[in-house]
Amino acid sequence: MNKKLFPAIAFGLLGALLAVGAVSACSSSAAEAPDKSRYDVQVEELLAKMTLDEKIGQLNQLTGVGCAPDRLEEIRNGAVGSILNEIDPDTVNALQREAVENSRLGIPLIIARDVIHGFKTIFPIPLGQAATWNPAIVEEGARIAADEASSVGVRWTFSPMVDVSRDARWGRIAESFGEDPHLASVLGVAMVKGYQGEDLAKPNTMAACVKHFVGYGASEAGKDYNTTWIPEPHLRDVYLPPFKACADAGAATFMCSFNDINGMPTNADRHLLRDILRDEWGWDGLMCSDWSSIQQMIPQGYSPDLKHAAEAAANAGVDMDMQGFAYIAHLKELVQEGKVSEKTIDGLVRNVLRTKFRLGLFDNPYVDIPTSRRFFAPASLEAARKAAEESAVLLKNANSILPLRDNLKIAVTGPLMDAKHDQNGTWVFDLEKDSTVTVLEAMREMYGPDRIIAAPGLSFSREKNPAAVAAAVAKARQADVILFVCGEEAVLSGEAHCRTDLTLPGGQKDMLRQLRATGKPVVSVVMTGRPMEINDIVENSDAILYVFHPGTMGGPAIANLISGKVNPSGHLPVCLPRASAQQPLYYSHKNTGRPAEGITYIDDIPLEAGQTSTGCTSFYLDAGDGALYPFGFGLSYTDFSYGPVVLSADRMGADGTLTASCEIENTGKLKGATVAQLYVRDLVGTLCRPVKELKGFEKITLEPGEKRTVTFTLRASDLAYHLADNTLAVEPGDFRLWIAPDSASGDPKEFAVD
Ligand code: NOJ
């Protein structure tokens, strides 16, 4: 059926966005949105007492300088609304005392910090947490982070980052949940719930800050802070859904992004910040700028000076200026000149005050010193280990070399084998290095020190000096098997750490070739902050465990996986490329008019071949097409068979539903987990549709021989997308549906929407 013959069924914009994230059989149910009117009376009463200076003070966020006299005076004068980066509980209490007891109105501060994947107990980087495909683990990690950080007075974290990230060059992909809007929505909501708990007013919670609003993941060429070009329907289909899901789940705060979209800095974008976020979505939380991002509209070429930047951001709806000094310097004058109305200022201040009431700060502003510094509880370390275990993705296991028997002699080598700092990944400001257990330590513990021969060969991932490699290779010759722990140091991913060459840095490729030449089996553990180009590793390893920087308990987790105490169950939240230059690479691409067919590689082209001889389809002469390992991929030590998909009906109405089921059997000899993934394809659209879109997933654990039927309920509204005029529509027509263990396998089932 050609859907163009039938009218599209349009949805209101609000209903449209509600469709997002609805299918997943294991999606966390959204936390209760905060009661919008609950604090209105208190907020209005307080606002009525405030001078313009005090109002502007609430919009000012500064970085910590301890109890410096100038800072105490600013607080006393009501010129500061929030402090970031203060983590000493006594200092927090001293600052708070100045605000609560010595300022005219006694308005408490909010203390903020980047607690991105743990405060003291470090969980895998968010990209690793995404590889678990397990929202319960993500929620638990955030809950533990909130408990630890709030114990020193941090009640606001700048997390989760839900930027859909499709470019592995971009260092910040490490902080993301990967390339897919649905996965990012489900896990973003889980993280918000973990930080905020059932009741944000409890002292062991933190306000989540969902960032970066919006489109930052599309930074051109994978270079940080770069411009983006995103048509609004695409923004609504791909980049906005995780933010909407988190807003609906009651996320207390958002952060503006650094990028511009189509030339408009997000910090000045009223359409985004007011029309969409406030009017369409009805969100009433606090929007902060990013670090100095209001000020940065000057070098961006949007604002001639700081005063203009302040005017633009305030009128657009940025409530708080993070370390930008624009509001404190210029808002009063702008109000006096009539360029920003006091009504506008009141709106911004309301959002700040409401957040402080929601956090319970007016009732309980201080840290309870006797119970402060709650770090590294045994249950927290246990949860961090489990998260690291579930985040590891088994990519290759030739001849079932893994798990390694316990009577082997194992050469543990490579620059990340004993890297207490680096295995924790990016964005760890508060690391206590000694708490981290490395792969080497854990392997010695697991197999006994006599069975482990250790030599790093290279002392860090970028090390080019091969002086110690020969000795490490010589030691490896004495072993039965080699465990090569390679990858990227923490500092090679994260903010402002972008790369164009996504292969192993330093002398690692060469070292791996030498290890391979020993003839011993090689197991590579790739510890990294991004999807890497791993052709060399695939070629020179019998088995590969791909582990995004796994955190405090990364060592024990990896030893458990290597020894088979735990069966790998991670699945990729991103595609791994065949070549670095394929970026951006993602499974949910459009088909093109000439999809790849009959790929001819560069060395196979005859001399003086004709221009059209390679077939004129969409591929690279030197890399072919598609991912080396696709989104959603992950092996196990056991095998799973996915039966045929059974649909409850082969048609549904525009407001209908159907169920899709698949029987999954553990056909191997070990207990294990697989992630059943539901994908759909809309075959014909008013706008071209992606070849596949994830609509749901469920991680299930099966005993050997056990079978289970996984069932997803799909609503027609889950198939909606935005047309060129930004309306949301389900278009009648034909669809395909898969239930599969990754984005590149499975047999499709057809159905239609009438
Ligand atoms: C800049 C980063 O973009 C943002 O993610 C972070 O939260 C702030 N700095 C605060 O450190």
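Four cavities of 30 Å³ or more are counted in this predicted model. A cavity here is a set of points, on a 1 Å grid over the protein atoms alone, where a 1.4 Å probe fits but cannot get out. Points are joined across faces, edges and corners, and a volume is the space filled by probe spheres set on the points. The largest cavity has a volume of about 100 Å³.

Its lining consists of Glu54, Gln58, Ile75, Gly78, Val80, Ala99, Ser103, Arg104, Leu105, Gly106, Ile107 and Leu109, where a lining residue has an atom within 4 Å of a point. Sorted by class, this lining has six nonpolar, four polar and two charged residues. Ala, Val, Leu, Ile, Met, Phe, Trp, Tyr, Cys and Pro count as nonpolar, Asp, Glu, Lys and Arg as charged, and the others, Gly among them, as polar.

Around the ligand are Asp114, Phe158, Arg172, Lys211, His212, Met255, Phe258, Asp290, Trp291, Met322, Trp427 and Glu495, each with a heavy atom within 4 Å of it. This shell has six nonpolar, one polar and five charged residues.

Polar contacts are pairs of N or O atoms within 3.5 Å. An N or O atom in the side chain of Asp114 is 2.4 Å from an oxygen atom of the ligand. For Asp290, the distance from a polar side-chain atom to a ligand oxygen is 2.5 Å, and for a side-chain N or O atom of His212 it is 2.7 Å. The protein covers 95% of the 300 Å² of accessible area that the ligand has on its own, by the Shrake-Rupley method with a 1.4 Å probe.

Residues are numbered from 1 along each chain as its sequence is written. In this predicted model, local features need pLDDT of at least 70 and side-chain atom pairs count only at pLDDT 80 or more, while totals for chains, interfaces and linings use all residues; side-chain values use heavy atoms, with hydrogens and water left out.

Methods:
On a 1 Å grid over the protein atoms alone, a cavity is a set of points where a 1.4 Å probe fits but cannot get out, and a pocket is an open set with protein on both sides within 12 Å along at least five of seven lines; lining residues have an atom within 4 Å of a point. A polar contact is a pair of N or O atoms within 3.5 Å; within protein, one must be able to donate a hydrogen and the other to accept it, and residues adjacent in sequence count only if both atoms are side-chain atoms.
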